[in-house]
Amino acid sequence: MARFGYTLMTEQTGPKELVRDAVSAEQRGFDFEVCSDHFSPWLASQGHAPNAWAVLGAVAHATERVDLYSYVTCPTMRYHPAIVAQQAATVQILSDGRFTLGVGSGENLNEHVVGKGWPTIERRQDMLREAIKIIRDLFGGELTNWSGEYFQVDSARLWDAPEIPPAIAVAMSGDKGVEKLGKLADHLIAVEPDKELVDAWHAARQVGGWPGAGRVIGQIPICWDPDRDAAIARAHDQFRWFAGGWTVNADLPTPAGFAGATQFVRPEDVADSIPCGPDLDAIVDAVRPFWEAGFSDIALIQIGGQSQDQFLKEAAEPLLEALRAAAN
């Protein structure tokens, strides 16, 4: 049965508002909530980038039912994997076991700020493999030492380790990603409704002897608004970077770079790729390829920080009803 989630998009909303929206989304019936982890917004017009882990801690305390995901954290450059393990363990305790650690190989936009450069995708995936192993060791609550190719851990222990460690969901795309990371993941995160990728990951899990089916978590932007023209204008202003695709978006270093790269993207181009306006059926049709590809969890991004309250009050419940009726 497909589950539907709400995105706490730190790039477009301040920290107090994110916590408020998280509580409202839980009340409206979303099954889970994912929180982006960025140092910069994609475009300056989005205007925000609070610390995701402070937000997740507050959300864990303020909510009662929804599952929570980091979506996603890069545990290799801006954060050392030992620090990510500590953060995740703390959020797991605060949420009473509702947290899943979502990790990925990162984007230049967020990781270059600590002055370590920007490695190739092959190197980033190798770093991520090692980081995941360190994090799992630390989740055990025992004294951990590690001397690897990329990371050193000396006499580290999580003094507040949850009884049930957070599951780890890993962002992957393509055969190489599944080959390197598939057997390390409790759950799969993917940016496109790619059935071949989903099937390949499930096959890798079987080879690795993992119990259970594992969840497949995706995400899709929408721009609901009673006025379709206003929705298109807002989506173009704040989300035209989305048209670049992951291979481009992972490598650009600054919001100014994203603005330059997308200066010729037209509003109608954005409207062709993102459902905009009040038509809930159009949103359902846009989400449909995800559950048809085998995704179990699909998070919606409502574009525009100022639009969240109206979306949650007026559209969220009928949209969830329509999505569940169509998917299940």
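This is a predicted model: local features need pLDDT of at least 70, side-chain atom pairs count only at pLDDT 80 or more; totals for chains, interfaces and linings use all residues.
## Ground rules

Local features here need pLDDT of at least 70 and side-chain atom pairs count only at pLDDT 80 or more, while totals for chains, interfaces and linings use all residues. Numbering starts from 1 along each chain as its sequence is written, and side-chain values use heavy atoms, with hydrogens and water left out.

## H3 against H5

Let's start with helix H3 (residues 81-94) and helix H5 (residues 121-139), whose axes come within 9 Å and cross at roughly 45°. That makes H3 oblique to H5 (angles under 35 degrees count as roughly parallel, over 145 as roughly antiparallel, 65 to 115 as roughly perpendicular and the rest as oblique). The crossing is right-handed, the near helix being turned clockwise from the far one by less than a right angle.

On the H3 side, Pro-81, Ala-82, Val-84, Ala-85, Ala-88 and Ala-89 meet Ala-131, Ile-134, Ile-135, Leu-138 and Phe-139 of H5 (contact means heavy atoms within 4.5 Å). The residues of this contact divide into eleven nonpolar, no polar and no charged.

## The two sides of H6

In helix H6 (residues 174-181), Gly-177, Val-178 and Leu-181 are buried (under 20% relative accessible area, with exposed over 50% and partly exposed in between, using a 1.4 Å probe and protein chains only). Seen down the axis of H6, the buried residues fall within an arc of 95°, so they line one face of the helix. Asp-175, Lys-176 and Glu-179 are exposed on the other side.

## Thr-13 in its loop

Thr-13 sits in the loop between strand S1 (3-8) and helix H1 (15-28). Its relative accessibility is 5%, so Thr-13 counts as buried. Leaving aside neighbours within four places in sequence, Thr-13 is in contact with Leu-18, Asp-21, His-48, Pro-50 and Gly-305.

Conventions:
Axes are lines fitted to C-alpha atoms, for helices over the stretch in contact, and angles run from 0 to 180 degrees between N-to-C directions. Helices (H or I, at least four residues) and strands (E, at least two) are DSSP runs, numbered from the N terminus. Ala, Val, Leu, Ile, Met, Phe, Trp, Tyr, Cys and Pro count as nonpolar, Asp, Glu, Lys and Arg as charged, and the others, Gly among them, as polar. The arc is that of the directions from the helix axis to the C-beta atoms.
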